[in-house]
Amino acid sequence: QVQLVESGGGLVQAGGSLRLSCAVSGLTFSTYGMGWFRQAPGKGREFVAGISWTGGNTTYADVVKGRCTISGDNAKKMVYLQMNTLNFEDTAVYYCAVRQLYNGPYGPWGQGTQVTVSS
């Protein structure tokens with residue numbers, strides 16, 4: 001059974017930084033990459049950043065581009081999200097997910113970690 005566990009969330013003041021981590025276990029198949037998503041109160045889940053294991057290609061949502069960096073280690077089955085210059089609009093539950101195929105859907109998902117930015 002594939003499990004993803006996010007950590008590193010918390011309460012931070014506007015302008016501060018956080019580093020989220022995601023540990024994956026139970027994978028019995030190779031994957032294309034991983035991604036980070038977030039869901040703010042009353043809103044749908046939105047894409048934040050993604051990384052492919054081959055070539056280490058990364059993609060970012062425009063709202064976080066320049067402020068966030070996704071990185072990972074396929075051998076260790078870990079993915080990270082460094083978030084800088086956080087603002088109130090970054091408050092959300094952050095989820096990591098596996099992407100099995102190029103341009104394929106994301107899933108399975110972790111349970112999420114709460115990030116709260118105080119103004």
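Predicted model: local features only at pLDDT ≥ 70, side-chain atom pairs only at ≥ 80, totals over all residues.

Colleague: How many aromatic pairs does a search of the whole structure find?

Modeller: Five. One of them is Tyr 32 with Tyr 102, and that pair is edge-to-face. The centres are 5.5 Å apart, with 70° between the planes.

Colleague: Where do Tyr 32 and Tyr 102 lie?

Modeller: In loops. Tyr 32 is in the loop between strands S3 (18-25) and S4 (33-39). Tyr 102 is in the loop between S9 (92-99) and S10 (106-109). The pair therefore ties together parts that are 70 residues apart in sequence.

Colleague: Is Tyr 102 buried or exposed?

Modeller: Exposed, at 59% relative accessible area. Tyr 32 has 25%, so Tyr 32 counts as partly exposed.

Colleague: And what about Phe 37 and Phe 47?

Modeller: Also a pair. Their ring centres are 5.5 Å apart and the planes are at 80°, so this is edge-to-face. Phe 37 sits in strand S4, and Phe 47 in strand S5 (residues 45-52). The parts they tie together are 10 residues apart in sequence. Phe 37 is buried at 9%, while Phe 47 is partly exposed at 27%.

Colleague: Which residues do ring pairs link into a cluster?

Modeller: Phe 37, Phe 47, Tyr 106 and Trp 109.

Colleague: Switching to charges. Where does Arg 45 lie?

Modeller: Over the face of Trp 109, at 4.4 Å from the ring centre. Arg 45 also lies over the face of Tyr 95, at 3.9 Å from that ring centre.

Note on methods. Residues numbered from 1 in each chain as written. Heavy atoms only, no water. Phe/Tyr/Trp six-rings, centres within 6.5 Å; stacked < 30°, edge-to-face > 60°. Helix = DSSP H or I, 4+ residues; strand = E, 2+ residues; numbered from the N terminus. Buried < 20%, exposed > 50% of the residue type's maximum accessible area, 1.4 Å probe, protein only. Lys NZ or Arg CZ within 6 Å of the ring centre and 35° of its normal.
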